[in-house]
Amino acid sequence: MPLTPPSTAATAETAFTRLLTIMDDLRMNCPWDKKQTLESLRHLTIEETYELSDAILGGDMSEIKKELGDIMLHLVFYSRIASETNDFNITDVLNGICEKLIIRHPHIYSDTEVKDEQDVKRNWEQIKLKEGNKSVLGGVPASLPALVKASRIQEKACGVGFDWEEKSQVWEKVEEEMQEFRNEFNAEDDSKIDHDKAESEFGDLLFSLINYARFININPEDALEKTNRKFIKRFQYLESKAKESGRELHAMSLAEMDVFWNEAKKL
């Protein structure tokens, strides 16, 4: 049985070495860890990423630290598995990201001059194209949730200068898309509504709203998730107050439910 690595580490280097040692021990001796593959870890990594996101939105620094540790374990785990087939190891991973950062920050490690963060983003995208990317949008993962993907698409297009000049222009686009969406529902007979076209117009409206959010420095994913949490909290308050009064929600009128809902808003 392997000896337990020391419980304290004075530096980041020794702490990281301790993690690598533990990972080696687990991979060689733990039945569960020995069985894992890149594919079997994938869904767990996605779950850990969402848990980190929850901790960040909750502002819980203790949880953030814990979730960062879980994700760090996964990164080390993937590298350990790959090293067993001589594809790469953790040293290759770390050197790879170091080289990438140096190349993509010529304003730090070379003589390129930049005025602001927009210049940095434009340089980043231009360097990626020189590295062989066929499209500025090629780096946007296909499996990203649609809201996040829309934000990333717009950011990358902006990075090469494809963007509106003023936020007022973007808001005009929002209003235009809203009107086009409303126009699809003007028919008195629902059976005459073209739902495919309405869906398309609704997508355009969302895309334009996400674009406007970017112009006013609002992350739409964070904004929507905070609204989700706010709604859940208020609705659960409504449920608890209804239960206290011996009522069932489905038996209450909307006006009756609104009383508790407005109480929740004040809280």
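The model is predicted. Helices H9 and H10 pack at an angle of about 160°, whereas the axes of H1 and H4 cross at roughly 60°. Glu-184, in the loop between H9 and H10, and Asp-92, in helix H5, are treated separately.

**Packing of H9 and H10**

- Helix H9 covers residues 167-183 and helix H10 covers residues 195-215, and their axes lie 9 Å apart at an angle of about 160°.
- Because angles over 145 degrees count as roughly antiparallel, H9 is roughly antiparallel to H10.
- The crossing of H9 over H10 is left-handed.
- On the H9 side, the contact is formed by Lys-167, Val-170, Trp-171, Lys-173, Val-174, Glu-177, Met-178, Glu-180 and Phe-181.
- The partners in H10 are Ala-198, Glu-201, Phe-202, Asp-204, Leu-205, Ser-208, Leu-209, Asn-211, Tyr-212 and Phe-215.
- By class, the residues of this contact comprise 11 nonpolar, two polar and six charged.

**Helix H10: length and burial**

- The 21 residues of H10 should span 30 Å at 1.5 Å a residue, and this agrees with the 30 Å between its end C-alpha atoms.
- The buried residues in H10 are Ala-198, Glu-201, Leu-205, Ser-208, Ile-210, Asn-211, Tyr-212, Ala-213 and Arg-214.
- The cover over these buried residues includes helix H8 (146-159), H9 and helix H11 (220-244).

**Glu-184 in the H9-H10 loop**

- Glu-184 lies in the loop between H9 and H10.
- Its relative accessibility is 15%, so Glu-184 counts as buried, the cut-off being under 20%.
- Leaving aside residues up to four places away in sequence, Glu-184 touches Ile-193, Asp-194, Lys-197, Ala-198 and Glu-201.
- Ala-198 and Glu-201 are also among the H10 residues that meet H9 and among the buried residues of H10.

**Packing of H1 and H4**

- Helix H1 (residues 12-29) and helix H4 (residues 61-83) have axes that come within 10 Å and cross at roughly 60°.
- That angle makes H1 oblique to H4.
- H1 passes H4 in a right-handed crossing.
- Phe-16, Leu-19, Leu-20, Met-23, Asp-24, Arg-27 and Met-28 of H1 are in contact with Met-72, Leu-73, Val-76, Phe-77, Arg-80 and Ile-81 of H4.
- This contact has 10 nonpolar, no polar and three charged residues.

**Asp-92 in H5**

- Asp-92 belongs to helix H5, which covers residues 90-103.
- With a relative accessible area of 42%, Asp-92 is partly exposed.
- Asp-92 and Ser-79 are separated by 13 residues in sequence and by 8.9 Å in space, C-alpha to C-alpha.

Terms used. Residues numbered from 1 in each chain as written. Predicted model: local features only at pLDDT ≥ 70, side-chain atom pairs only at ≥ 80, totals over all residues. Heavy atoms only, no water. Axes fitted to C-alpha atoms, helices over the stretch in contact; angles between N-to-C directions. Helix = DSSP H or I, 4+ residues; strand = E, 2+ residues; numbered from the N terminus. Parallel < 35°, antiparallel > 145°, perpendicular 65-115°, else oblique. Left-handed = near helix turned anticlockwise from the far one by under 90°. Contact = heavy atoms within 4.5 Å. Nonpolar A, V, L, I, M, F, W, Y, C, P; charged D, E, K, R; others polar. Buried < 20%, exposed > 50% of the residue type's maximum accessible area, 1.4 Å probe, protein only. Expected span 1.5 Å × (residues − 1).
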